[in-house]
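Me: Please show me the sequence and the structure, and then let me work through them with some questions, starting with the way the parts meet.

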Protein chains: 2
Amino acid sequence: MEKKLPTIKEIARRLNISASTVSRALHDHPSIGLRTKMAVKKLAAELNYEPNQTAIFFKQRKTFTIGLVLPNLREEFFSAAINGIEDVAIDHNYIVLIGQSHDDLAREQKLVESMKNHRVDGIIASISSSTTHIEHFEQMKNYDIPVVFFDRVPDAKDIHSVSCNLYDSSVEAVEWLIKKGHKRIGYLQGPPTLNMKNERLDGYMEAHKKHKLPVDESLIVSTDLSVEGTQKAFDALMLLKKRPTAILSFNDYVTLDAIHYARQKKLAINKDICFVSYANVPVTQYVEYPPLASVEQFPYDQGVSATELLFRLIDKKTSRLEAPYENIVLKSELIIR
Amino acid sequence: MEKKLPTIKEIARRLNISASTVSRALHDHPSIGLRTKMAVKKLAAELNYEPNQTAIFFKQRKTFTIGLVLPNLREEFFSAAINGIEDVAIDHNYIVLIGQSHDDLAREQKLVESMKNHRVDGIIASISSSTTHIEHFEQMKNYDIPVVFFDRVPDAKDIHSVSCNLYDSSVEAVEWLIKKGHKRIGYLQGPPTLNMKNERLDGYMEAHKKHKLPVDESLIVSTDLSVEGTQKAFDALMLLKKRPTAILSFNDYVTLDAIHYARQKKLAINKDICFVSYANVPVTQYVEYPPLASVEQFPYDQGVSATELLFRLIDKKTSRLEAPYENIVLKSELIIR
DNA sequence: GCATTTTCCGCAAACGTTTGCCTGTCCTAT
DNA sequence: ATAGGACAGGCAAACGTTTGCGGAAAATGC
């Protein structure tokens with residue numbers, strides 16, 4: 001052990017040339033003669049030379065690292081998104097620093113801080129459900145670190161984002177239920193912080209309006225995404241004098257919890273109560289009673305798109321260009337089982 | 001934008017003192033007077049000074065980053081392990097670089113290479129199912145980068161590892177099936193590369209031996225973990241003249257695929273055929289027919305343990321001590337539903 | 001009041017690489 | 001013959017921080 005790794009200086013010393021020549025030779029700089037270029041490369045190969053990236057990072061003020069902040073990795077939605085992000089990152093010779101906020105604002109802040117200290121070249125984030133402000137992200141502007149939000153996008157201007165158009169598919173989902181004869185459709189929504197830009201609810205409303213169905217406010221309940229929160233919200237719906245016959249629910253995980261609970265309560269799924277949901281995660285294939293339909297949000301594509309946007313911003317940054325704020329909206333798609 | 005971030009030099013210039021004094025003042029070095037120390041800190045706070053980590057990384061030859069290489073993030077087993085790893089890392093002010101091999105050796109190699117270039121201080125890895133050799137990990141010794149394997153541990157000496165004792169729980173699992181009256185128990189194992197140290201099979205054998213049950217080799221089949229692979233393996237079992245009445249299966253994901261397939265084949269789960277499995281992932285709670293029992297492998301604890309071991313190795317490294325190879329084995333536990 | 005210790009701080013090198021600028025040599029065209 | 005250009009490569013600074021060493025001033029001991 002304790003091997004001194006070979007450096008450019010070492011190569012220069014052995015060849016009796018200067019370090020700058022070695023550096024240029026290794027980079028195929030035109031002003032280095034073929035003879036020396038060959039000699040340098042040969043020796044470099046023999047010594048197993050590899051550039052010290054930390055020195056380069058330091059010198060170039062770049063780390064070839066992007067930070068990814070998201071609520072958790074448990075949900076297949078996010079792990080699918082990571083696949084997209086990672087694939088694009090690898091293409092650009094970047095590597096991904098991942099941090100989970102576990103839906104905790106303080107932890108999210110700490111992660112962003114830590115990533116800033118590590119001088120990531122850019123950040124991709126999906127905010128936590130307890131994120132009430134995004135100062136910690138806005139701070140990054142002072143460090144020239146671009147931030148791209150995806151999926152869970154804060155309701156703010158002057159940000160870059162990639163998200164799905166959930167409005168259209170929400171209209172479609174609710175219309176689909178209405179056409180199947182449902183007249184009372186509950187909406188089990190997420191926590192308020194994630195509803196700032198509430199496309200799901202807007203779509204829900206719109207579908208009702210289109211079909212001249214009155215909207216009963218008591219049919220709209222919230223969960224904090226925890227199992228208990230979902231159960232409480234579900235109870236609230238079931239205690240209504242006029243129960244809903246179908247429920248539009250925040251995402252598949254919430255739906256699975258709700259269905260699980262409903263079955264404990266001896267409700268007949270798809271008879272007493274139907275579910276339509278968001279995310280269309282693969283795990284629903286294994287369950288006995290999956291939601292009847294789910295809105296596919298193409299997490300992989302969102303990840304790819306967000307990362308490509310981020311790289312555009314990073315490039316703009318290095319070329320000192322002002323980048324306009326981009327808010328990319330991808331299509332979503334109602335998948336009927 | 002385009003703000004020049006404040007540096008130590010800048011502070012020194014403004015205060016008409018030397019950079020070294022500023023550096024020491026910020027680190028509460030004893031040989032700096034209280035007066036100047038205060039002045040430095042005050043100005044540093046005003047300027048919002050933050051040390052340039054890349055410079056420090058470079059100088060200290062440390063990056064406060066650990067690399068994590070694993071097959072995928074989709075399986076909850078791994079995302080749970082990450083939670084443990086991340087928690088310990090954060091405590092040590094470290095951050096985690098994640099890469100998925102997607103069970104592809106070439107990609108795994110590329111990831112390790114990339115992490116080496118990023119000069120991670122250590123690597124935690126769970127090998128891909130196509131990893132037939134571990135040269136790329138052994139290379140890391142040349143760079144003084146310690147490697148800790150967890151869960152999917154290669155069968156090699158001179159490595160550090162954290163894993164679960166699956167032998168005892170495998171014996172227990174099969175005995176449990178035997179006691180329930182099963183006489184023909186299939187074993188649906190993983191791909192050969194993951195079976196090098198085959199505790200599951202050894203336990204399976206031992207239980208048969210203990211109960212004087214003959215082992216029928218045709219009851220032992222393999223899947224490459226893909227859905228199709230699992231179906232083929234399952235078919236092989238079902239085409240036997242004397243079918244098994246129970247199956248011990250590589251992990252819960254394989255089991256879910258198998259059960260799904262068995263139901264398509266109109267088999268009555270828990271009547272025609274029972275399943276016992278490994279991992280005990282939470283998602284099995286949502287399915288109609290989960291495995292009857294599953295071996296909990298405590299991924300979070302494995303993650304914590306692996307990371308703690310890694311930090312011990314990193315510390316040893318900085319203090320130039322030889323570290324003996326540690327192979328930590330945690331308990332597993334058969335969970336009966 | 002002199003010698004000695006303590007207190008406080010600066011100098012400069014170092015980490016490995018990149019890059020603007022300069023110098024020298026040789027070739028070629030006038 | 002000389003100017004001009006092309007080619008090859010060296011010098012030195014720079015990135016921001018840390019740290020061993022040394023030294024001046026102040027405090028202490030007698």
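Me: How many salt bridges does the rule find across the interface of chain A and chain B?

Reply: This is a predicted model, in which local features need pLDDT of at least 70 and side-chain atom pairs count only at pLDDT 80 or more, while totals for chains, interfaces and linings use all residues. Residues are numbered from 1 along each chain as its sequence is written, chains are lettered from A and ligands numbered from 1 in the order in which they are written, and side-chain values use heavy atoms, with hydrogens and water left out. A salt bridge here is a side-chain nitrogen of Lys or Arg within 4 Å of a carboxyl oxygen of Asp or Glu. Across the interface of chain A and chain B, the number found by that rule is 10.

Me: Which residue has a side chain that meets the side chain of B:Glu86 in a salt bridge?

Reply: Side chains of opposite charge can pair when their charged atoms come close. In this salt bridge the N to O distance is 3.3 Å, and the partner of B:Glu86 is A:Arg107.

Me: What area do chain A and chain B bury between them?

Reply: Contact, meaning heavy atoms within 4.5 Å, joins 56 residues of chain A to 56 residues of chain B. Buried area is the accessible area (1.4 Å probe) that two parts lose on being put together, summed over both. Carbon and sulfur atoms carry 51% of the area between chain A and chain B, and the total is about 5400 Å².

Me: Which element gives the largest share of the side of chain A that touches chain B?

Reply: The rule also finds 22 residue pairs in polar contact across the interface of chain A and chain B, both residues being at pLDDT 80 or more; a polar contact is a pair of N or O atoms within 3.5 Å, where within protein one must be able to donate a hydrogen and the other to accept it, and residues adjacent in sequence count only if both atoms are side-chain atoms. Elements are DSSP runs numbered from the N terminus, helices being H or I with at least four residues and strands E with at least two. At least two residues of this side come from each of helix 4, helix 5 (76-91), strand 2 (95-100), helix 6 (105-117) and helix 11 (252-264) of chain A. The largest share, 8 residues, belongs to helix 6 of chain A.

Me: Which residues come nearest to DNA strand C?

Reply: A residue is near a strand if one of its heavy atoms lies within 4 Å of it. Around DNA strand C there are 27 residues, and those that come nearest are A:Ile8, A:Arg24, A:Tyr49, B:Thr21 and B:Gly33.

Me: Which element gives the largest share of the surface near DNA strand D?

Reply: From chain A, a polar backbone atom of A:Ser18 lies 3.2 Å from a phosphate oxygen of DNA strand D, and a side-chain N or O atom of A:Ser20 lies 2.9 Å from a base nitrogen. From chain B, a polar backbone atom of B:Ile8 is 2.5 Å from a phosphate oxygen of DNA strand D. Two or more residues each are given by helix 2 and helix 4 of chain A, together with helix 1 (8-15), helix 2 and helix 4 of chain B. The largest share, 4 residues, is that of helix 4 of chain B.

Me: How far apart in helix 1 of chain A are A:Glu10 and A:Arg13?

Reply: The side chains of A:Glu10 and A:Arg13 meet in a salt bridge with an N to O distance of 3.1 Å. The two residues are separated by about one helical turn, because their spacing in helix 1 of chain A is 3 residues.
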